[in-house]
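Colleague: Could you take me through this one? I'd like to start with any space left inside.

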Amino acid sequence: MIRVASYNVRALRDDQRALARVISVLRSDVLCVQEVPPFYLWRRRRALPRVTGMRLAAGGRTSGVAVLVGPRARVAHVEHHRLRWFFGLEWRAMAIAIVEVEGTRLAVGSVHLDLHSGARMWHITEVAARIQAAAAEHDAFPVLAGDFNEQPTEPAWRYLSRRFTDGYAVAPRGDGFTYHAGKPDKRIDAIFAGPGLTVHACGDADEIPAFEDLRAATDHRPVAAEISRSA
């Protein structure tokens with residue numbers, strides 16, 4: 001069983017000790033993060049491996065996304081892609097790591113889509129194509145995780161759901177809400193698994209951290225999934 005998690009860490013601007021405690025509960029082999037501190041906040045950026053207790057595998061210097069790995073994961077290849085830029089909007093990116101855990105190779109992508117619906121729809125087609133291409137090139141199973149900034153009934157999410165398995169939809173654990181951390185009522189963070197993978201559980205961590213930690217760590221709640229190769 002492989003544990004993949006996704007978490008928007010809000011540039012580590014909140015309680016880093018609370019964030020570290022929440023991440024330790026996830027016990028993930030692969031952690032996709034969003035809102036990585038930018039390069040000009042270099043002290044915070046350098047603190048990411050210490051706070052997460054994991055090794056940084058993929059993520060560009062100016063990217064807001066990254067993939068980190070735990071001790072069970074072997075990194076075979078990494079990629080970083082700038083997505084199409086739209087005037088007046090943040091320049092979005094995608095981090096991909098090809099990792100192998102217990103003999104199963106995954107192409108794991110971390111993304112953070114825009115608040116603008118048109119940009120989200122354009123970018124979702126781009127990231128879906130890139131993760132599928134990386135998986136095919138490296139003989140891996142695709143997994144896409146991140147902050148999608150929309151909910152399951154909206155167009156970009158529906159586009160992705162037709163091509164990948166929405167982990168929470170098929171194997172829900174907990175209520176699934178991820179935003180706002182203090183009183184979540186929206187599911188905007190998710191983990192999607194490609195063909196050939198089975199999602200056994202997805203949503204809350206096995207052991208729910210103290211509410212105070214979830215609220216203090218960042219403004220999102222994490223998503224954790226248990227995934228294996230299909231029989």
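Colleague: How many cavities of 30 Å³ or more does the structure hold?

Modeller: The structure holds 1 cavity of that size. A cavity here is a set of points on a 1 Å grid over the protein atoms alone where a 1.4 Å probe fits but cannot get out; its lining residues have an atom within 4 Å of a point. This is a predicted model, so local features need pLDDT of at least 70 and side-chain atom pairs pLDDT 80 or more, while totals for chains, interfaces and linings use all residues. Residues are numbered from 1 along each chain as its sequence is written, and side-chain values use heavy atoms, without hydrogens or water.

Colleague: How much space lies in the largest cavity?

Modeller: About 70 Å³, where volume is the space filled by probe spheres set on the points, and points are joined across faces, edges and corners.

Colleague: OK, on to the sheets. What is the order of strands in the one with β12?

Modeller: That open sheet has 7 strands in the order β3-β4-β2-β1-β13-β12-β10, and its pairing is mixed. Two strands pair if DSSP finds at least two bridges between them.

Colleague: Which strands stand at the edges?

Modeller: β3 (55-58) and β10 (172-173). Each has a single partner strand, so one side of each is left without a neighbour in the sheet.

Colleague: How do β1 and β2 run, parallel or antiparallel?

Modeller: Parallel: 5 bridges join β1 (residues 2-8) to β2 (residues 30-34). Ser 6 has Cys 32 in β2 as its bridge partner.

Colleague: And what is the order of the 6 strands in the other open sheet?

Modeller: The order there is β5-β6-β7-β8-β11-β9, also with mixed pairing. The edge strands are β5 and β9 (165-166), and each pairs on one side only.

Colleague: What joins β5 to β6?

Modeller: There are 8 bridges between β5 (residues 74-82) and β6, which run antiparallel.

Colleague: How many residues lie between β6 and β7?

Modeller: The two strands form a hairpin with 2 residues between them. Glu 102 in the turn has a positive phi of about 50 degrees. β7 is also joined to β8 (residues 141-147) by 7 bridges, and those two run parallel. Val 108 has Val 143 in β8 as its bridge partner.

Colleague: Why is β6 called largely enclosed?

Modeller: Of the 9 residues of β6 (residues 93-101), 8 are buried, so the strand is largely enclosed by the rest of the structure. Buried means under 20% relative accessible area, exposed over 50%, and partly exposed in between, with a 1.4 Å probe and protein chains only.

Colleague: Change of topic: how many aromatic pairs are there?

Modeller: The count comes to 5. Rings of Phe, Tyr and Trp (its six-membered ring) pair if their centres lie within 6.5 Å; planes under 30 degrees apart are stacked, over 60 edge-to-face, the rest tilted. Trp 85 and Phe 87 have ring centres 6.0 Å apart and planes at 80 degrees, so the pair is edge-to-face. Trp 85 is partly exposed at 44% relative accessible area, while Phe 87 is exposed at 76%.

Colleague: What about Phe 86?

Modeller: Phe 86 forms an edge-to-face pair with Trp 122, 6.3 Å centre to centre with 80 degrees between the planes. Phe 86 lies in the loop between β5 and β6 and Trp 122 in helix α3 (residues 117-137), so the pair ties together parts that are 36 residues apart in sequence. Trp 122 is partly exposed, at 42%.

Colleague: Which residues form an aromatic cluster?

Modeller: Phe 148, Trp 157 and Phe 192 form one.

Technical notes
Helices (H or I, at least four residues) and strands (E, at least two) are DSSP runs, numbered from the N terminus. On a 1 Å grid over the protein atoms alone, a cavity is a set of points where a 1.4 Å probe fits but cannot get out, and a pocket is an open set with protein on both sides within 12 Å along at least five of seven lines; lining residues have an atom within 4 Å of a point.
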